[in-house]
Amino acid sequence: QVQLVESGGDLVQPGGSLRLSCTASGFTFSFAAMSWYRQAIGKERELVARINGGGDATTTYADSVRGRFTISRDDAKNTVYLQMNSLKPEDTAVYYCNAQFFYGRIRDYWGQGTQVTVSS
């Protein structure tokens with residue numbers, strides 16, 4: 001059974017930092033591409049950052065977070081991280097962890113989400 005458990009969401013002031021974590025189980029983590037998405041109230045879910053699996057570790061970022069956010073992974077801990085610096089009010093959203101891998105077909109799994117609120 002695939003499980004993705006996010007943590008680290010909080011209320012933070014503008015300019016502050018947070019680190020989100022997503023710990024996975026139920027699949028071969030090192031083979032999966034891992035991503036962070038976010039969804040603000042009244043908006044569609046959007047890709048924030050992605051890191052490839054299989055030893056590739058190529059990263060991709062949304063233009064709105066490039067240079068402020070960093071995605072990384074620790075395959076020994078089955079965990080993906082999102083370091084968020086210089087946070088802005090527009091970063092306020094529920095952040096979701098996503099795992100994507102091939103097992104007969106492309107499979108997508110989602111965590112339950114963690115709330116990030118940037119406000120003074």
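In which sense do β1 and strand β3 pair, and over how many bridges? The two strands pair in the antiparallel sense over five bridges, with β3 covering residues 18-25; pairing here requires that DSSP finds at least two bridges between two strands, and strands are DSSP runs of E with at least two residues, numbered from the N terminus. This is a predicted model, in which local features need pLDDT of at least 70 and side-chain atom pairs count only at pLDDT 80 or more, whereas totals for chains, interfaces and linings use all residues. Residues are numbered from 1 along each chain as its sequence is written, and side-chain values use heavy atoms, with hydrogens and water left out.

**The sheet.** β1 and β3 belong to an open sheet of four strands, ordered β1-β3-β8-β7 with antiparallel pairing. Because β1 (3-7) and β7 (69-74) each have a single partner strand, they stand at the edges, and one side of each is left without a neighbour in the sheet. From one strand to the next the twist averages 15°, an angle between N-to-C directions that runs from 0 to 180 degrees, with axes fitted as lines to C-alpha atoms.

Although buried, Glu6 has no salt bridge, and the nearest side chain of opposite charge, that of Arg45, is 7.6 Å away; a salt bridge would need a side-chain nitrogen of Lys or Arg within 4 Å of a carboxyl oxygen of Asp or Glu. The side chain of Glu6 does, however, reach two backbone nitrogens, as tabulated here.

| Side chain | Backbone nitrogen | Distance |
|---|---|---|
| Glu6 | Gln112 | 3.0 Å |
| Glu6 | Gly113 | 2.9 Å |

**Ser30.** In the loop between β3 and β4 (33-39) lies Ser30, which counts as partly exposed because its relative accessibility is 25%. The C-alpha atoms of Ser30 and Gly55 are separated by 7.3 Å, although these residues are 25 residues apart along the chain.

How values were computed. Buried means under 20% relative accessible area, exposed over 50%, partly exposed in between (1.4 Å probe, protein chains only). Lys and Arg count as positive and Asp and Glu as negative; His and the chain ends are not counted. A polar contact is a pair of N or O atoms within 3.5 Å; within protein, one must be able to donate a hydrogen and the other to accept it, and residues adjacent in sequence count only if both atoms are side-chain atoms.
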